[in-house]
Amino acid sequence: MTMLRAAARITLPDPVAVLRPLCEHLVEHEAEVSEADGVTTILFGDSRAELRTEPGSLSVVIEAPDLARLQGSKFAIASHAVEFAPEGAALTIRWSGDGAEPMLPPDFRVLTVTGVEQLTPRMRRIRFRGGELARYDSLEALHVRLFIPPAGLAEPVWPMIGADGLLQSPPAEQRPAIRKYTVREIDAAAGTLAIDFVLHDDAGPGSAFAARVQAGDRIGMAGPGGRGLKHAERYLFLADETGLPALARMLENLPMSATGLALVEIADAAERQPLAMPDGVSLRWLHRDGAAPGSTSLLTDALATLDWPAGEGSLYLWAACEHAAFREIRAAARQYLRPEIDAHLVVSYWRAGVSEEQHAAEKRKAA
Ligand SMILES: Cc1cc2nc3c(=O)[nH]c(=O)nc-3n(C[C@H](O)[C@H](O)[C@H](O)COP(=O)(O)OP(=O)(O)OC[C@H]3O[C@@H](n4cnc5c(N)ncnc54)[C@H](O)[C@@H]3O)c2cc1C
């Protein structure tokens, strides 16, 4: 295998004091670290970094099988060198070798809108065209981060990997907002994909983009992420509208022998959409009928009246919904389900009254 190669000298007042916490941290993230003859070797899967401390600097050489993994390893070393350097330390990083020129992150794609379909009054399917979509065509990782440029910007400006290996954000007035969405349909060979957007009140950048979108508009996409569908004999799915695109994709990919139940909270009967699923899976729509999204306990009430997990065979619980319901479902899952890894995946997809940025800031503060 031909390996790509990059090297850097990171100038630091005390490189030994940075190397130690950097290695400890990367071990927590499943890197393998060893030390021999003054060389620290860090293995990130198929990529390998060799680090040497010298007076006033840390020298790094990385080899990786492709550009994505090379840039990922460069970022891991450079960003943690910055993180563990003393505050205010004069630190310079300049990479040479493969991938040294400023470039879009390797997992970043620019998508162009090709069409819009109003599925229901509050759900809009937007179709996109893009290049090299194969990595997004996976049931193991269904969601992506969308980079939505500010409205009215003539030419979108995307984040770039700089010569220091770190991600450079565009200036605030041009910076895209980042939101998580689910790949609802994809044809990687044709270079097309579709994403279903909820049109909600108090629209943030995601919902506002979906409401104003026109053919030819461009957004960025990075990922994919998340955990996908797990094999089980029985399934229990819970979702509100935001989880519905992922649920729909999983239902249509279940083996025909699968059995289970899907509980889906929506605004009202007009929000129902046809879903394909095996005969052994039943679907129950739960209508808010006038109540605000995120204000009801429809999902948790339905869950409380189920006589699960009685029955035969392994059970997989998947839930994606508003934060308050997520907390209750997660507590119920932990209380009743066997604690096997991946026996359940319960995720908060949004939080009532709080934007994505505010929610992330609160989580950082709590951590
Ligand atoms: C892994 C993952 C996958 C997701 N997939 C999808 C998807 O495929 N389709 C989809 O539509 N959403 C999806 N979401 C949810 C979506 O990311 C959030 O709803 C996001 O907050 C929307 O961004 P925004 O810019 O419209 O609103 P924000 O700027 O984040 O929030 C502005 C205001 O709108 C409120 N708000 C946000 N979402 C909703 C909503 N759905 N209903 C009512 N009020 C809301 C917030 O509470 C806040 O008050 C997903 C989330 C995750 C984590």
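Reader: How many residues surround the ligand?
Author: This is a predicted model, in which local features need pLDDT of at least 70, side-chain atom pairs count only at pLDDT 80 or more, and totals for chains, interfaces and linings use all residues. Residues are numbered from 1 along each chain as its sequence is written, and side-chain values use heavy atoms, with hydrogens and water left out. A residue is near a molecule if one of its heavy atoms lies within 4 Å of it. The closest to the ligand are Arg179, Lys180, His200, Gly206 and Arg351, and the residues that surround the ligand number 25.

Reader: How do the residues of this shell divide into nonpolar, polar and charged?
Author: Ala, Val, Leu, Ile, Met, Phe, Trp, Tyr, Cys and Pro count as nonpolar, Asp, Glu, Lys and Arg as charged, and the others, Gly among them, as polar. On this basis, the shell around the ligand holds ten nonpolar, nine polar and six charged residues.

Reader: At what distance from an oxygen atom of the ligand is a backbone N or O atom of Ser207?
Author: A polar contact is a pair of N or O atoms within 3.5 Å; within protein, one must be able to donate a hydrogen and the other to accept it, and residues adjacent in sequence count only if both atoms are side-chain atoms. A polar backbone atom of Pro205 is 3.0 Å from an oxygen atom of the ligand, and one of Val354 is 3.3 Å from an oxygen atom of the ligand. For the backbone N or O atom of Ser207, the distance to a ligand oxygen is 2.9 Å.

Reader: What share of the ligand's accessible area does the protein cover?
Author: Accessible areas come from the Shrake-Rupley method with a 1.4 Å probe; for residues, only the protein chains shown count as cover. On its own, the ligand has 910 Å² of accessible area, and the share that the protein covers is 93%.

Reader: Which element gives the most to the shell around the ligand?
Author: Helices (H or I, at least four residues) and strands (E, at least two) are DSSP runs, numbered from the N terminus. Two or more residues of the shell come from each of strand 14 (192–198), helix 3 (205–212), strand 20 (344–350) and strand 12 (177–182). With four residues, the element that gives the most is strand 12.

Reader: Between which domains does the ligand lie?
Author: The chain is assigned domain 1 (4–97), domain 2 (109–225) and domain 3 (234–358); such bounds come from an automatic or database domain assignment. The C-alpha centres of domain 1 and domain 3 lie 42 Å apart. Because two domains both give residues to its shell, the ligand lies between domain 2 and domain 3.

Reader: Which backbone nitrogen does the side chain of Ser207 reach?
Author: Ser207 has its place in helix 3. Contact means heavy atoms within 4.5 Å, and, not counting residues up to four places away in sequence, Ser207 touches Tyr181, Val198, Leu199 and His200. At 3.0 Å, the side chain of Ser207 reaches the backbone nitrogen of His200.

Reader: Why does Ser207 count as buried?
Author: Buried means under 20% relative accessible area, exposed over 50% and partly exposed in between, with a 1.4 Å probe and protein chains only. Ser207 counts as buried because its relative accessibility is 3%.

Reader: How many residues of helix 4 are buried?
Author: Helix 4 covers residues 244–251. Its buried residues are Leu244, Pro245, Ala246, Leu247, Ala248, Arg249, Met250 and Leu251.

Reader: With which side chain does the side chain of Thr11 make a polar contact?
Author: Thr11 is found in strand 1 (residues 4–11) and counts as partly exposed, at 28% relative accessibility. Beyond four places in sequence, Thr11 touches Gly56, Ser57, Ala90, Leu91 and Thr92. At 2.5 Å, the side chain of Thr11 makes a polar contact with that of Thr92.

Reader: What is the relative accessible area of Ser57?
Author: Ser57 is found in strand 5 (residues 57–64). Leaving aside neighbours within four places in sequence, Ser57 is in contact with Arg9, Ile10, Thr11, Leu12, Pro15 and Arg52. Ser57 is buried, with a relative accessible area of 5%.

Reader: Is Asp37 buried or exposed?
Author: Asp37 lies in the loop between strand 2 (32–36) and strand 3 (39–44). Phi of Asp37 is near 50°, a positive value in a residue other than glycine. Because its relative accessibility is 79%, Asp37 counts as exposed.
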